Amino acid sequence: MAVLCLLVGLIFIIARFCCNCCGGLKATPGCMCPTAGVKFKGYTTGQIWAVKIGMIVVTVGIVVCMSVGYANNKDLSTGVKDFRDVLIDTGELVYDRTKTLRDALADLPCVSLLFIRDQASPTIHSYTDEPE
């Protein structure tokens, strides 16, 4: 956005001083100037200097904002890259742990639940049996 503001400022300056548009150096009736016999008396020196100083202040402000934005954009890009690296590392860690757990479970012998029930203590076994 700041670059667009600077470009618009440059286009305005070129149009004003090179093409005599946008209230250029000489009045050109019919080109953004009133044509109904209204004679423009001109601007006072104070008005001219106020606009010039205003343009300088705005331009300096835009340049400062562009500089701060550029520096912070680099910091943000670095932070996003670091965050992405942490996410990738965490994903790889979860994958490795899941793979290790899966391999450990695959190494266990298959045992049916009935076999486990039969091997359980008599008190647990009595709760799981149906009454006779």
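Student: Which element supplies the largest share of the nonpolar patch?
Tutor: That's α1, which gives three residues. Before we go on, this is a predicted model: local features need pLDDT of at least 70, side-chain atom pairs count only at pLDDT 80 or more, and totals for chains, interfaces and linings use all residues. Residues are numbered from 1 along each chain as its sequence is written, and side-chain values use heavy atoms, with hydrogens and water left out.

Student: OK, which residues make the nonpolar surface patch?
Tutor: Phe-12, Ile-13, Phe-17, Val-51 and Met-55 make it, and the patch covers about 460 Å². Two elements, α1 (2-17) and α2 (45-107), each give two or more residues to it. A patch takes residues with over 30% relative accessible area and no salt bridge; nonpolar side chains (Val, Leu, Ile, Met, Phe, Trp, Tyr) are joined within 5 Å, and like charges within 9 Å. The areas come from the Shrake-Rupley method with a 1.4 Å probe, and for residues only the protein chains shown count as cover.

Student: And where is Phe-17 found?
Tutor: Phe-17 is in helix α1.

Student: How many helices and strands are there in the chain?
Tutor: Four helices and zero strands. Starting at the N terminus, the order is α-α-α-α. Both kinds are DSSP runs numbered from the N terminus: helices are H or I with at least four residues, strands are E with at least two.

Student: Which helix has the lowest mean pLDDT?
Tutor: Helix α4 (residues 122-128), with 53, while α2 has the highest mean among the elements, 85. pLDDT is the predictor's confidence in each residue, from 0 to 100. For the chain the average is 74, and 64% of the residues score at least 70. Where pLDDT is low, the predicted coordinates should not be read in detail.

Student: What percentage of the residues count as buried?
Tutor: Of the 132 residues, 3% count as buried. Buried means under 20% relative accessible area, exposed means over 50%, and partly exposed is in between (1.4 Å probe, protein chains only). The chain exposes about 11800 Å², and carbon and sulfur atoms supply 70% of that.

Student: Switching to charges: how many salt bridges does the structure hold?
Tutor: Three. A salt bridge here is a side-chain nitrogen of Lys or Arg within 4 Å of a carboxyl oxygen of Asp or Glu. One of them joins Arg-102 and Asp-103, with the closest N and O atoms 3.4 Å apart. Salt bridges that share partners also join Lys-81, Arg-84 and Asp-85 into one network.

Student: What are the distances in that network?
Tutor: For Lys-81 and Asp-85, the closest N and O atoms are 3.7 Å apart. For Asp-85 and Arg-84, they are 3.2 Å apart.

Student: Why are Lys-81 and Asp-85 separated by about one helical turn?
Tutor: Because they are four residues apart in helix α2.

Student: Is Asp-85 buried, exposed or partly exposed?
Tutor: Asp-85 is partly exposed, at 26% relative accessible area. Lys-81 is partly exposed too, at 46%, and Arg-84 is partly exposed at 46%. In the Arg-102 pair, Arg-102 is exposed at 54%, whereas Asp-103 is partly exposed at 35%.

Student: What sits over the ring of Trp-49?
Tutor: The charged end of Lys-52, 4.9 Å from the ring's centre. To count, NZ of Lys or CZ of Arg must be within 6 Å of the ring centre and within 35 degrees of the ring normal.

Student: Last one: how far apart are the C-alpha atoms of Thr-59 and Cys-5?
Tutor: They are separated by 8.7 Å, though the two residues are 54 residues apart along the chain. Thr-59 lies in helix α2 and is partly exposed, with 35% relative accessibility.
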